[in-house]
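Hi,

Here is the model I promised to send over. Have a look at it first, and then read on for my notes.

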Amino acid sequence: MAVIESSQDIVQSQSPWREAARAFRQSWAGMLGIFILILVILFTFVGPFFYPVDPFEIIWAPLTPPGATERAPLGTDYLGRDILAGLIHGGPATLYVGLVAGIITITIGILVGAFAGFYRGMVDEFLMRITEFFQVLPALLFAMVLVTLFTPTIYVVSLAIGIVSWPTTARLTRAEFLRIRNLEYVNAARSIGAKNRRIIWRVILPNALAPLIVAATLTVGIAILFEAGLSFLGLGDPNMFSWGLMIGAGREYILDGWWVVTLPGFMIFLTVLGFSLVGDGLNDAFNPKLRER
Amino acid sequence: MRKTGFIAAAMAMLLTASAASFTQADEQKNGGTLVLGTTQKARHLNPAVQSGIATAVPGTQIFATPLRFNDKWEPQPYLAESWSVSDDGKSITLKLRANAKFHDGKPITSEDVAFSLQTVKDNHPFKSMFSPVTGVDTPDPLTAVINFEKPHPAALLAMSSALLPIIPKHVYGDGQDPKSHPANNAPVGSGPFKFVEFKPGEYIILEKNPDYFIEGRPYLDKIIIKNYKDLTSLALAIDTGEINMYPFLAPTKDIARLKKNDGLVVTDRGYEAVGPINWLAFNTNNHYLKDKRVRQAIAYAMDRDFIINALLGGQSKAATGPVVPGSPFYADAAEKYDVDLDKANAMLDEAGFPRGDGDMRFQLTVDYIPGSAELQKNVAEYLKSQLKKVGIDVELRASPDFPTWAKRVGGHDFDMSMDIVFNWGDPVIGVHRTYLCDNIKKGVIWSNTQSYCNEEVDNLLNEAGSELDQAKRIALYKKAQEIIVDDAPIAFINVLPYHTAYSKDIGNPPLTIWGAMSPLDEVYIK
């Protein structure tokens with residue numbers, strides 16, 4: 001019996017994903033992050049069913065402080081629109097930008113990094129020069145230029161953020177590929193005649209994925225901050241309520257109504273904190289050396 | 001540090017000033033520096049070829065014009081000591097002052113007047129100012145006779161402020177393009193102040209012209225026009241005394257705050273001629289907006305009082321028609337479109353656009369000028385919320401910068417747009433352009449971008465533009481305005497809350513109809 005039990009233990013510990021999941025559950029940072037994110041998601045996606053107020057509707061006198069009227073529990077902004085409704089409806093747009101920009105970042109980053117790291121030589125040189133070109137451009141400035149060239153809609157904003165943030169991921173992927181490409185199991189795959197495509201996507205990438213997942217999670221947080229920055233500069237989409245837009249439009253009224261910018265700012269803070277903590281937790285989970293310490 | 005330095009300098013100036021004019025207590029005193037703050041950056045200093053506040057404020061100090069206006073819309077002698085309009089209205093004779101000299105010492109002759117008028121006619125963006133001019137006769141050096149193809153009552157106003165600066169022919173007549181003439185950055189004029197230094201985007205320094213043609217003036221020694229990067233630091237600068245005059249002050253929060261400063265006077269006088277109106281323009285070619293009832297319904301749906309009192313802190317006046325209140329041509333009787341949602345809904349039903357999906361009738365976009373959020377973006381956001389109540393789904397179209405907006409609206413690529421348009425004194429200059437059929441010019445911003453065309457309005461405006469009798473003119477404009485307001489190519493919202501904030505120790509602040517865009521030769525420091 002005891003032998004069987006211990007062999008089960010061994011089987012369990014040999015599946016790296018399950019082991020990582022267990023380690024993640026033990027990481028307080030990761031669990032706190034998940035908890036915060038679940039709260040934020042519940043707030044913004046379930047909130048509208050309990051609080052069906054149009055965020056664009058002017059419902060009360062402008063700049064009413066929180067608690068002054070039941071109609072607007074968290075006060076109103078400079079037009080008299082409900083802040084609470086704005087916070088609820090601003091969530092999806094903010095998360096959308098974060099996720100889409102994150103996906104764009106990871107996709108471009110992995111593609112460029114994988115090819116550069118695997119093929120090396122001329123391909124590497126070429127792709128890395130492009131990456132460096134994007135890396136030396138000041139990201140926020142470059143995103144501003146992109147948004148300015150096109151109409152500031154939520155899609156353009158997401159795309160712009162994605163386009164400026166992929167170089168880090170590309171470099172990370174390339175480093176992982178360079179490390180793994182000559183390991184024994186890759187050579188083994190090559191020796192049994194696996195095609196390059198198979199080696200890249202089926203052999204190397206799964207083994208390089210752990211740090212990339214951590215990076216992806218952090219990227220979402222950074223993208224949300226980016227969107228807030230662009231909106232703050234007046235380059236957000238005025239037809240989509242986002243927390244960044246609320247801050248950007250309300251910043252002139254900070255002396256007359258602190259709640260106009262503070263509350264959406266707090267939501268951004270919570271969300272980014274959530275993503276960062278999850279990233280931390282994933283890092284703990286995927287990094288066996290850290291885990292042993 | 002800076003502030004102390006300024007105070008010390010001001011004290012020193014005050015001491016010398018009071019010593020100089022010790023005998024005339026509470027009279028105008030000589031000396032002192034006027035530091036005027038602005039965020040508007042001048043490209044150059046020649047108002048003959050450039051409109052706009054940034055060039056007009058320094059331009060009116062450097063260049064003198066034939067006439068100037070007081071605060072009652074009455075022309076006053078300036079470079080011309082007298083003028084007369086012929087009985088048929090087709091010529092104006094100007095008698096120039098004999099002692100008037102340019103800053104380089106050369107006398108001003110009627111040749112300069114003729115040359116300046118031709119330059120303005122050929123190059124200034126306000127084409128209607130002098131388009132009826134057929135030529136200028138110069139029978140003697142001090143007499144200029146301006147001939148018109150038809151009576152042109154707007155000419156008197158167009159000879160004041162920054163609209164007809166008398167520029168020296170011996171400088172500008174060298175065949176170079178006046179728009180890019182090197183003298184535009186260091187101009188030679190004949191106004192109360194001489195050019196000293198111009199650092200684009202930073203400051204303009206002007207000093208007293210000792211040979212000014214009006215005896216004893218100007219009182220000030222120096223005018224410094226200082227550029228600020230943003231409105232917040234500009235408001236702070238007047239609040240702390242770093243500058244002593246802030247014209248064209250518009251953010252309503254700053255107005256309210258500066259009014260509480262005991263050392264400052266804040267007034268809305270001095271903007272009657274500029275006549276800046278904030279409005280919502282309709283593209284009358286739009287499928288929905290070509291119906292007059294739809295445009296009227298939108299006008300009825302807007303709550304002007306809410307915009308003025310809640311969004312603009314009550315610091316602005318209502319605009320109800322093409323001409324700004326305060327102008328002699330303002331028509332009060334026109335329909336005001338006071339908010340009435342039921343009426344608006346009924347009119348939209350009647351126009352054949354019933355509510356459909358999601359209780360909405362149709363969708364329209366609204367553009368706005370980027371930058372002045374309070375007057376433009378916020379009102380556009382308000383419209384989105386308000387027009388939803390009458391079943392119009394409004395989508396805001398943000399423009400990242402001014403040229404983008406101008407290209408869209410100028411190119412007629414819009415449904416509705418917020419816009420700010422100036423009257424510029426006489427309706428011929430600033431009002432006609434928005435409504436005349438032949439001014440529908442694709443690609444030109446602030447032309448008739450609404451594509452509005454009504455023959456009756458055309459006839460009335462053209463007739464009023466060449467009517468010499470003021471009472472008849474007013475009646476014609478009144479009629480034209482009533483039709484325009486009824487046709488509603490534009491929903492008029494408010495007059496821009498322009499104010500001038502100035503230090504209490506400034507005497508004779510510029511409160512004529514042209515405000516700070518007039519010669520500041522009477523201003524003194526107490």
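What pLDDT does chain A average, and what share of the residues score at least 70? This is a predicted model, and chain A comes out with an average pLDDT of 84, with 93% of the residues at 70 or higher.

On to the fold of chain A. The C-alpha trace of chain A spans about 75 × 60 × 30 Å along its principal axes.

An unreviewed UniProt entry annotates residues 28-51, 95-119, 140-164, 212-236 and 257-278 of chain A as "transmembrane region". I looked at two of those stretches in the model. Residues 212-236 of chain A are 84% helix and 0% strand, with the end C-alpha atoms 29 Å apart. Residues 140-164 of chain A are also 84% helix and 0% strand, but here the end C-alpha atoms are 8 Å apart. Worth a look on screen, I'd say.

There is also a helix pair to look at in chain A. The axes of α3 (residues 28-50) and α4 (residues 83-119) come within 8 Å of each other and cross at roughly 115°, which means α3(A) is roughly perpendicular to α4(A). The crossing is left-handed. On the α3(A) side, the contact is made by Val40(A), Phe43(A), Thr44(A), Phe45(A), Gly47(A) and Pro48(A); α4(A) brings Ile88(A), His89(A), Gly91(A) and Pro92(A). Sorted by class, the residues of this contact are six nonpolar, four polar and no charged.

Finally, the place where the two chains A and B touch. Here 15 residues of chain B are in contact with 18 residues of chain A. On the chain B side, the elements that give two or more residues are α8 (304-311), α10 (377-388) and β15 (392-397). The largest share of that side comes from α10(B), with five residues. By class, the chain B side has eight nonpolar, two polar and five charged residues.

Cheers

Technical notes:
Residues are numbered from 1 along each chain as its sequence is written. Chains are lettered from A and ligands numbered from 1 in the order in which they are written. This is a predicted model: local features need pLDDT of at least 70, side-chain atom pairs count only at pLDDT 80 or more; totals for chains, interfaces and linings use all residues. UniProt positions are given in the numbering used here, feature names are shortened, and annotations may be inferred rather than shown by experiment. Helices (H or I, at least four residues) and strands (E, at least two) are DSSP runs, numbered from the N terminus. Axes are lines fitted to C-alpha atoms, for helices over the stretch in contact, and angles run from 0 to 180 degrees between N-to-C directions. Angles under 35 degrees count as roughly parallel, over 145 as roughly antiparallel, 65 to 115 as roughly perpendicular and the rest as oblique. A crossing is left-handed if the near helix is turned anticlockwise from the far one by less than a right angle, and right-handed if clockwise. Two residues are in contact if their C-beta atoms, placed from the backbone, lie within 7 Å. Ala, Val, Leu, Ile, Met, Phe, Trp, Tyr, Cys and Pro count as nonpolar, Asp, Glu, Lys and Arg as charged, and the others, Gly among them, as polar. pLDDT is the predictor's confidence in each residue, from 0 to 100.
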